[in-house]
Structures are given as structure tokens and as C-alpha cells.
Amino acid sequence: MNLHTPASRALALRKILSTYGHQYYVLDAPTVPDAEYDRLFRELQLLEIEHPELQTPDSPTQRIGGKPLAAFQSVEHMRPMLSIRTETDTTASGAINFDERIRKELKLTELDAFIEYVAELKFDGLALSLRYENHVLIQAATRGDGQWGEDVTQNIRTIGQIPLRLPADAPIYLEVRGEVYMARTDFEKLNERQRARIATGDKNEKIFVNPRNAAAGAVRQLDPTIAAQRPLSFFAYYLHLAQPSHDKSIVEVANDGQVPEGITTQWQVLEKLRAWGFPVCKHTELVTGGDGLVVFHKKIAELRDTLPFDIDGVVYKVNDLSLQNHLGFVSREPRWAVAHKYPAQEEITTVQAIEVQVGRTGKLTPVAKLAPVFVGGVTVTNATLHNEDEARRKDVRVGDSVVVRRAGDVIPEVVSVILEKRSQQSQRFSMPSHCPVCKSLAVREDGEADYRCTGGLFCLAQRKQAILHFAHRRAVEIEDLGDKLVEQLVDAGIVNTLPDLYKLGLSALSQLDRMAEKSATNVLIGIEKSKKTTLPRFLFGLGIRHVGEATAKELTRHFGTLDSIMNASIDQLLQVNDVGPIVAQSIRTFFDQTHNREVIEQLKSCGVNWQEGSASFGTTLPLAGQTFVLTGTLHSMGREEAQAKLEKLGAKVSGSVSKKTHALIAGAEAGSKLEKALSIGVSVLDEEAFHELLATHSSYLN
């Protein structure tokens with residue numbers, strides 16, 4: 001096949017856009033910026049306009065969205081949830097173009113009256129349909145592919161902005177459409193919580209890419225209790241009468257698919273939504289003619305970076321609903337509306353060098369050092385390349401002329417390379433084999449995109465994170481040693497490694513900002529108290545990648561002593577419960593670093609100690625291989641003490657009930673976990689039965 005023909009290019013574009021669309025709409029894991037997708041989409045649109053024979057039913061230009069996830073029940077929309085066409089001219093002229101098209105469709109001359117438009121924001125969120133019957137919310141569904149969506153009712157009920165019941169003057173059968181989104185401040189707070197959970201060893205959490213990604217993930221969360229913890233918001237922008245869901249024989253009701261009686265404009269639609277308790281964006285305006293659209297476009301462009309949520313453009317709609325009906329639709333899009341996106345904030349500059357930066361968690365990130373260029377309102381000299389795969393995918397090289405984008409407060413990035421300007425002497429970028437800061441080995445684990453420095457306790461770039469993790473309450477726990485104090489200690493050069501904490505004196509601490517003698521004394525007391533710890537806490541505090549609290553306990557139970565763990569081979573580590581090849585290799589790599597062993601010896605010399613036990617391999621603990629779950633309040637002991645006793649008997653303690661759970665220990669005021677255990681036939685022990693179990697195996701607890 002000739003790769004340069006319109007047919008071959010259209011085929012390639014369909015494949016690329018289908019992949020990107022699946023990642024964006026279905027997986028909620030976008031791999032390219034919106035501007036790149038839009039560029040390819042417009043290219044395919046133009047090809048199909050110039051060559052109509054190339055248009056196929058499966059083309060992304062004929063698709064409204066992605067397929068719904070199989071985990072949710074499918075919902076057929078009674079009226080398709082259509083997308084809006086995009087104005088290709090991202091300058092203010094695009095607004096004039098739209099007005100001229102509308103006037104042409106309506107056969108209006110310059111002497112005729114101006115057309116009224118409702119100008120709205122184009123939210124970067126997830127489109128949603130809300131169905132109400134007898135004034136009560138009965139169903140919420142995503143757009144999906146436009147014809148079929150996903151039933152996300154339980155999750156949407158957790159959004160406080162969405163009314164669960166409408167006032168009596170609302171129609172009995174009503175559908176409201178709008179956008180679920182996440183405010184920027186809420187997004188940042190969510191990611192802060194995610195980072196904190198990850199820092200404590202929770203491997204099931206992740207950092208979200210952007211607010212849209214986080215909002216979509218929350219809406220599609222299978223557990224509504226988790227969705228309720230994600231701060232979602234909603235804007236409504238349309239409504240129409242609906243058909244009763246319980247009577248499929250009714251093809252249509254009075255005025256079905258239309259707006260309620262008395263509403264004749266899009267502006268009245270918004271006013272009615274507000275009156276019925278729905279949030280409507282305050283930046284929506286009623287404007288007249290193309291000039292009014294231009295003014296709105298310019299105004300929002302200036303406000304864009306200060307808005308509390310993300311937008312990627314504005315939307316213009318003909319205000320008069322009768323004119324909307326007259327204009328109708330073309331293909332998948334209404335003629336009476338358009339999405340007018342803002343131009344991507346891009347400029348061309350030169351890559352002067354590629355440096356590798358080391359983050360607080362040891363992640364190595366390649367950064368392009370750029371010839372200074374003014375873009376997005378600031379002078380940019382650096383742009384992230386994210387990781388080796390991304391740098392190689394874009395094939396960014398020193399000396400290249402590149403397109404750089406910066407929008408708002410987003411970190412500048414290299415969008416693409418201008419290959420025709422590349423020197424023949426340029427060389428491909430490769431990640432270094434060792435950390436550029438501490439020279440420790442840099443490793444990339446199977447299935448991961450990032451290289452990481454293995455010198456966690458030694459690397460200066462990671463020392464703040466290493467100290468905070470070591471001092472965490474679930475690790476060695478140093479009371480009163482918080483983020484701000486660690487920042488001061490490290491920045492002042494007082495603490496460079498973990499052992500330096502145990503060499504601190506009152507005079508050094510008292511000289512720091514906002515550190516009175518009493519506060520300094522409390523810190524020193526906390527440091528002294530932390531010297532007596534446990535081996536699992538100490539292991540967890542070392543910050544070995546993939547070694548969380550549970551794994552640290554399993555290692556201690558299996559080997560008994562730190563020396564045995566430090567000297568264990570890969571094969572020996574693999575014999576530990578829950579330790580697989582990746583975890584075993586991570587442990588072995590950590591202890592193979594001489595400087596890590598030196599830090600451990602220095603900590604022991606400073607007085608950090610614990611009681612070591614005997615190895616359990618070769619022996620069988622009475623509850624080995626059994627999983628228990630704790631719920632409710634135990635009057636005789638705390639949750640952590642109960643967990644410690646179970647683990648000492650060889651049991652694994654989980655946070656959730658499943659068919660693999662051996663027994664649930666239910667204290668007072670047990671809730672949903674007890675209900676689930678009973679429903680799936682898991683044994684339930686009350687507090688008395690739990691004590692009987694412990695008494696039976698008391699010899700192992702002494």
C-alpha cells in the first residue's frame with residue numbers, strides 16, 4: 001500500500017484517533033494532550049470532506065464518544081447525547097465565522113435583525129444525563145457512545161450540587177444534561193491525599209493526571225463510598241421533557257423530547273434550571289451578533305487562568321429554540337451550536353541540553369533546557385520530557401528545534417520536534433545508569449516507565465522525603481517532627497542523613513524559625529523516644545521501594561532478624577508470603593548499596609534499637625495462611641493491638657471482606673463489613689470468641 005495516499009493517511013488517522021479516544025473516554029488515562037488529538041481529528045475531517053468516499057461508519061468523526069465500561073449497566077439514551085462541532089479557527093474570527101454561517105443558513109441579510117446567542121464555557125469534564133420521574137432523581141448516565149451510556153446513579157447521588165428531588169412546579173418526567181467536573185483546588189487536595197496514602201505504602205492509590213481524569217475516575221468508581229470521598233461538582237446546561245421509563249409501550253408523551261411549555265429560548269432553559277435548584281455557571285452570557293461573541297471570547301480568554309475549574313474553550317448556541325429546530329443537525333452535530341476552542345499556547349525554541357532531575361521520591365525525570373522563549377505569559381527555559389519512553393517517543397535531542405506549550409500554570413512541555421531542522425550529528429537521548437546526584441544505581445522495574453535512584457537513605461535529592469517517611473507515625477514515629485521543621489533542618493544543612501536526627505541538640509533547634517525552647521525540647525523528647533522501636537517499623541521506615549507495613553511484618557515474621565533480611569538471597573526472599581520477584585529484587589537492590597548499610601549501622605550506633613525474634617520459616621504458626629478482618633470497637637484492646645496479636649499468630653489482617661476471608665472479628669457498632677460477611681457466609685467472631693481464639697494459642701503470644 002502506498003503510505004502517502006489520502007486513503008492510507010485516513011486509515012492511519014482512524015486507528016490513531018480510535019486508540020487515543022479509548023484511552024481518554026473509556027480508560028480515563030489520556031496519553032496525548034487535547035490539542036494533539038484535535039489536530040489529528042481536524043486533519044481526518046478535512047480528508048473526509050475532500051474525499052467523501054473515505055468516510056466510514058467507524059470513523060472517529062462519526063463517533064460521539066467511547067464505549068461504556070462493561071462493569072456498569074448500559075443505559076440507552078432516549079435522545080442521543082450529541083457532541084458539538086468545533087470551530088477550526090481558534091482566534092476571535094472563529095466567532096464571526098459561526099455567526100456568518102448561522103445567518104447564511106437562515107438566509108438573513110446585513111439589514112436583518114441581529115441574532116441572539118447564549119455564550120457558555122466549554123467545561124473540561126464529563127457529560128452527564130439526569131432523569132427525574134415524579135420529581136425524584138431515578139437515573140444518572142454518562143454520554144458513553146452517545147446512544148448508550150453507563151448507569152452511574154449511585155455515584156452521582158453523592159454530589160451535593162445535584163438535586164435528588166425537584167420542586168412541585170417541575171415536569172413529572174424530565175431529563176437534565178450537564179457536566180461533572182472537579183475544581184482545581186479540590187483536585188490539588190485530592191492528589192495531596194493520594195500522595196500521603198502512597199507515602200504510607202498504599203499501592204492501590206495513584207496520582208491523577210488532571211481534574212478531568214480525576215472527575216471521570218470518580219464518576220466511574222464502582223464503590224459509591226469511595227466516589228463520595230472525591231470532591232465532584234456539576235453545572236447544568238440543558239433540559240427536556242422525558243418519557244416514563246416504566247412504560248416502554250408509550251412512544252411519546254405530550255411534547256416529548258422538547259422543553260417544558262412556556263420556555264422558548266436557551267436562556268430561559270438556564271433560568272428554569274437555576275429555579276429548580278441546579279447550578280448554572282455564572283459566566284454564561286446572553287450576547288447579540290458576531291461582535292457580541294467576539295467580546296465574550298476575549299473576556300473569557302483573559303479570565304481563563306483565574307477560573308476555579310478547567311475549560312478548553314467556549315460554546316455558542318442560538319438562543320431562540322424555534323430557530324434551533326429550524327437549523328436542525330448535520331451528521332452528529334447541531335448546526336445551531338459550536339465549540340470555539342482557544343489556541344494552544346505554543347512557541348518554537350531550541351533544546352540546548354537535556355538534564356536529568358531527581359525528585360523527592362527518587363524518580364529521575366529528563367528535562368529539556370531551552371533557549372529562553374516567551375510563551376503562555378512567561379519566559380520558559382525548561383520543559384519536562386516526563387520519562388525515557390516519552391523522550392524517545394518524541395525523539396527530542398540536543399540542538400533540536402521544538403514546539404513548546406504552556407497553558408496557565410501547567411508545567412511547560414515539548415509538544416513535537418521540527419524534524420526538517422534537525423542536525424545530522426544529533427544523538428538520541430538515553431537515561432543515565434546512575435543517579436546524577438549521589439551516583440547510586442538507577443533502575444527501571446518491569447512494567448514501569450520511570451527510572452529511580454536506589455540511594456534513598458543516602459541521596460541528597462531524596463533526604464527530605466526519606467526523613468519524613470522514617471519519622472511517620474506508622475514507621476519509627478518521631479513526634480513533633482513535621483514537614484516544615486524537616487524543611488528548615490535540611491535547608492539549613494543541619495540534617496543531611498537520618499543519623500543526623502539523633503545528633504541534634506537544643507541549641508541548634510532553638511535557632512530555627514518559630515522554634516521556642518519548649519518546642520525544641522518536645523522534638524528532642526520525640527527523637528529520644530523513637531530510638532526504641534520494632535523491626536517491622538524500622539524496615540518500613542527505611543523507605544525500601546514496594547516494602548509497605550504488611551511486607552515489613554512478613555519479612556520480620558519469616559527471618560526474625562535484620563541481618564537475616566539484609567543478607568537474604570532473591571530465592572530466600574521469594575519464600576516470604578506476599579513477596580514476589582519485583583519486591584524481592586527491590587529489597588536486594590536496596591541492601592546491596594553499601595551506603596544504605598552504612599546508614600543503618602550509624603542509626604544503630606545512635607541508639608536506635610528493637611527486639612529481634614526468631615525466624616518462622618521451617619515452622620508453622622497456628623493462623624498461617626488465614627485472613628482476618630477487624631470491624632467495630634473492641635472494648636478490651638485497640639485495633640492495632642488486636643491486629644498485632646493476629647499477625648503474631650501468622651494471620652494476615654485485611655481491610656475488606658471477601659470470600660477469601662477466614663473470619664470477621666466484630667466489635668460493638670459493627671457496620672457494613674458485618675453485613676457483607678453474613679451475606680457471603682464468612683464466619684463472624686464476637687469479642688468473647690476472639691479472646692477464646694487468642695487463649696487457645698496463648699503460647700505463641702508470650
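**View 1. Tyr37 is a buried residue of helix α2 in this predicted model.** Tyr37 counts as buried because its relative accessibility is 18%; buried means under 20% relative accessible area, exposed over 50%, and partly exposed in between (1.4 Å probe, protein chains only). Phe41 also counts as buried, at 11% relative accessibility. Both residues lie in helix α2, four residues apart, about one turn of the helix. Helices here are DSSP runs of H or I with at least four residues, strands are runs of E with at least two, and both are numbered from the N terminus. Residues are numbered from 1 along each chain as its sequence is written. In this predicted model, local features need pLDDT of at least 70 and side-chain atom pairs count only at pLDDT 80 or more, while totals for chains, interfaces and linings use all residues; side-chain values use heavy atoms, without hydrogens and water.

**View 2. Helix α2 runs from residue 34 to residue 50.** Its 17 residues should span 24 Å at 1.5 Å a residue; the expected span is 1.5 Å times one less than the number of residues. The end C-alpha atoms are 24 Å apart, which agrees. Which residues of α2 are buried? They are Tyr37, Asp38, Leu40, Phe41, Leu44, Leu47 and Glu48.

**View 3. Aromatic rings pair up in this protein.** A search of the whole structure finds 14 aromatic pairs. Tyr37 and Phe41 form a stacked one, at 6.0 Å centre to centre with 25° between the planes. Rings of Phe, Tyr and Trp (its six-membered ring) pair if their centres lie within 6.5 Å; planes under 30 degrees apart count as stacked, over 60 as edge-to-face and the rest as tilted.

**View 4. Phe123 and Tyr181 link distant parts of the chain.** Their ring centres are 6.4 Å apart and their planes meet at 15°, so the pair is stacked. Phe123 sits in strand β2 (residues 116-123). Tyr181 sits in strand β6 (residues 173-181), 58 residues apart from Phe123. Both residues are buried. Phe123, Tyr181, Phe235 and Phe309 form one aromatic cluster.

View 5. Most residues other than glycine have a negative phi. His386 lies in the loop between β15 (378-384) and α11 (388-394). At 33% relative accessibility, His386 counts as partly exposed.

**View 6. Ser401 is a buried residue of strand β16.** The strand covers residues 401-405. Ser401 counts as buried because its relative accessible area is 14%. What does Ser401 contact, leaving aside its neighbours within four places in sequence? Its contacts are Thr349, Thr350, Val417, Ile418 and Lys421. Contact means heavy atoms within 4.5 Å.

**View 7. The whole protein has 25 helices and 23 strands.** Its C-alpha atoms fill a box of roughly 95 × 70 × 60 Å, taken along the principal axes. Buried residues make up 48% of the 702 residues. Among contacts with a separation of 6 or more, 67% join residues 24 or more positions apart.
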